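Subject: Structure handover

Hello,

Please find the structure below. My notes on what was found in it follow.

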Amino acid sequence: MAENSPETLFSANTPDRLELLRTFVRIVEAGSLSAAATQLNTTQPTISRRLKTLEQAFGVRLLHRSTHHLRLSEAGERCYAGAKQFLTQWDVFASDLTGVDREPEGLLRIIAPHAFGQDVLVAPLTEFMQLHPRVTIEWLLHDDRSIRDFIAEGIDCAIQVGEVLDPAMVRIRLAEIPRILIGAPALFASRPLPAHPDDLKTLPWLALQTFYRNQITLRHVTGQPQIQLPLTPVFSTDSLYALRSAAVKGLGIGIGSSWLMNQDIKEGRLLRLLPEWEAEPLPVYLVYPYAKYYPAKLRLFIELMRDKIPAIIRSATC
């Protein structure tokens with residue numbers, strides 16, 4: 001047997017072939033050895049050793065590396081395409097062989113909105129982790145809906161508030177979040193409460209940049225024509241929690257998710273203004289990339305979220 005044959009190099013003293021191929025695919029999709037190491041929860045030297053072992057086994061250079069860039073060689077292009085196909089087929093085979101009852105394991109990386117992910121979504125997430133203790137979760141909170149490259153970021157799925165426009169993503173609509181007008185009682189100590197949307201034009205406004213900045217459209221609950229209001233905010237933020245705090249302090253009026261504002265309204269810290277008027281509700285989606293095969297941990301997470309989130313949101317927004 002040749003000294004540098006794959007059979008010799010893939011020995012008991014080296015990582016198994018699947019691990020080497022998975023590492024190579026992760027390097028390519030993450031864009032760097034350091035990013036791949038982070039996503040695989042290991043060190044950059046370990047990733048470098050695995051890549052070197054794979055290149056030695058095949059006797060070809062798979063990646064051209066510079067200080068800031070990685071570029072696939074011609075052989076690397078073929079290896080990446082083949083490894084992706086092989087690993088997908090292997091996962092399907094392993095799943096079929098071991099059966100659907102096999103306990104899922106491994107890491108799930110999930111993006112969720114900041115406020116929603118800190119509050120409402122923690123309950124179904126906890127239930128999922130209790131049901132599947134061998135799955136670990138990386139719960140990444142982002143309100144920036146411009147995150148699109150799931151593969152490069154190593155993201156398995158996202159829970160997104162607001163419309164999903166990327167055709168490359170599977171999107172499952174879970175529920176809608178009502179949005180209401182709110183303001184602090186102190187703000188109206190020396191002025192009357194608004195009776196019509198036109199009365200809002202002279203009030204100081206708080207803007208939630210993720211969803212509205214310089215204008216807002218209100219609709220009547222009975223279906224009357226919509227009214228579009230131009231805004232000149234005195235305070236803008238990308239945080240729903242910061243908007244709520246600013247409103248409670250009396251800095252201005254704003255529009256926020258009812259699930260977060262309802263308790264402050266019940267306890268008198270906020271008033272619901274013009275209750276017969278509201279902003280368009282925000283859709284809640286579960287989003288993930290198209291693929292031929294989804295691991296059990298992701299499939300089960302999707303199933304639980306589809307089952308639990310609608311009821312949780314209905315309860316929180318009542």
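Helices (H or I, at least four residues) and strands (E, at least two) are DSSP runs, numbered from the N terminus. Note that this is a predicted model, in which local features need pLDDT of at least 70, side-chain atom pairs count only at pLDDT 80 or more, and totals for chains, interfaces and linings use all residues. Residues are numbered from 1 along each chain as its sequence is written, and side-chain values use heavy atoms, with hydrogens and water left out.

Helix α10 and what follows

Just after α10, glycine 268 has a positive phi of about 85°. The helix itself covers residues 258–266, and its buried residues are Ser258, Trp259, Leu260, Met261, Asn262 and Asp264. Here, buried means under 20% relative accessible area, exposed means over 50%, and partly exposed is in between (1.4 Å probe, protein chains only).

The chain as a whole

The chain holds 11 helices and 13 strands. Of its 318 residues, 44% are buried. A contact means heavy atoms within 4.5 Å. Among contacts between residues at least 6 apart in sequence, 73% join residues at least 24 apart.

The surface

Accessible areas come from the Shrake-Rupley method with a 1.4 Å probe; for residues, only the protein chains shown count as cover. Phe86, Trp90 and Phe93 make a nonpolar surface patch of about 290 Å². Like charges are joined within 9 Å, and nonpolar side chains (Val, Leu, Ile, Met, Phe, Trp, Tyr) within 5 Å. Tryptophan 90 sits in helix α5 (residues 74–98) and is partly exposed, because its relative accessible area is 35%.

Single residues

Threonine 53 belongs to helix α4 (residues 44–58). This threonine 53 counts as buried because its relative accessible area is 14%. From threonine 53 to arginine 17 there are 36 residues in sequence and 10.0 Å in space, C-alpha to C-alpha.

A disulfide is a pair of cysteine sulfur atoms within 2.5 Å; by this rule the count is 0 disulfides. Cysteine 79 is buried at a relative accessible area of 13%, and cysteine 157 is buried at 0%.

Regards

Notes: Patch = residues over 30% accessible without salt bridge, like charges linked within 9 Å, V, L, I, M, F, W, Y side chains within 5 Å. Salt bridge = Lys/Arg side-chain N within 4 Å of Asp/Glu carboxyl O.
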